[in-house]
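Dear colleague,

I am passing on the structure we spoke about, and below it you will find my notes on what was found in it.

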Amino acid sequence: MNLRLIEDPDAGEIEITVRCPRVNEEVQRLLALLRTCDWRLTGERDGQTHLLDPDQVLYADTADRRSFLYTAEGVYETPLRLYELEDRLGGEFFRASKSSLINFDHIRSLRPDLGGRLRVTLSNGEVMVVSRQYAAYIKQKLSL
């Protein structure tokens with residue numbers, strides 16, 4: 001991979017161009033990482049809208065057609081649907097079930113569960129279950 005930086009005082013904003021022979025997994029990861037660098041999530045709590053850094057989010061889930069972001073500080077409701085969060089967060093977030101996403105960076109430990117599922121303990125001590133359908137992703141990522 002070659003990196004090139006061009007400083008242009010006349011540029012209005014930062015522009016990033018990725019040139020590649022084909023889009024592969026490495027390119028997808030790079031694009032996901034770039035997307036997380038320049039934006040924040042909004043979440044509502046106690047009648048106030050808060051700006052959240054995606055790295056702060058431990059996991060996201062849905063209940064009763066509403067989406068929630070969970071951080072060490074609390075729970076925030078977001079107007080985004082889970083599939084929109086999945087597209088925007090990319091990078092270290094992965095689908096854990098039909099109704100939840102987990103930030104891979106906040107996993108402290110994991111262990112097998114019944115039916116091919118995984119029990120994941122997050123950095124705040126909370127335990128979540130990864131469904132059998134999505135457990136393969138974690139096993140692949142960790143080379144298990």
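With which residue does Arg119 form a salt bridge? The partner of Arg119 is Asp113, with the closest N and O atoms 3.6 Å apart, where a salt bridge is a side-chain nitrogen of Lys or Arg within 4 Å of a carboxyl oxygen of Asp or Glu.

Please bear in mind that this is a predicted model, in which local features need pLDDT of at least 70 and side-chain atom pairs count only at pLDDT 80 or more, while totals for chains, interfaces and linings use all residues. Residues are numbered from 1 along each chain as its sequence is written, and side-chain values use heavy atoms, with hydrogens and water left out.

Asp113 is buried, at 18% relative accessible area, whereas Arg117 is partly exposed at 34%, as is Arg119 at 28% (buried means under 20%, exposed over 50%, and partly exposed in between, with a 1.4 Å probe and protein chains only).

The structure holds 6 salt bridges, and another of them joins Arg29 to Glu25, whose closest N and O atoms are 3.0 Å apart. Because these two residues lie 4 residues apart in helix H1, about one helical turn separates Arg29 from Glu25 (helices are DSSP runs of H or I, at least four residues, and strands are runs of E, at least two, numbered from the N terminus). Both Arg29 and Glu25 are exposed.

Best wishes
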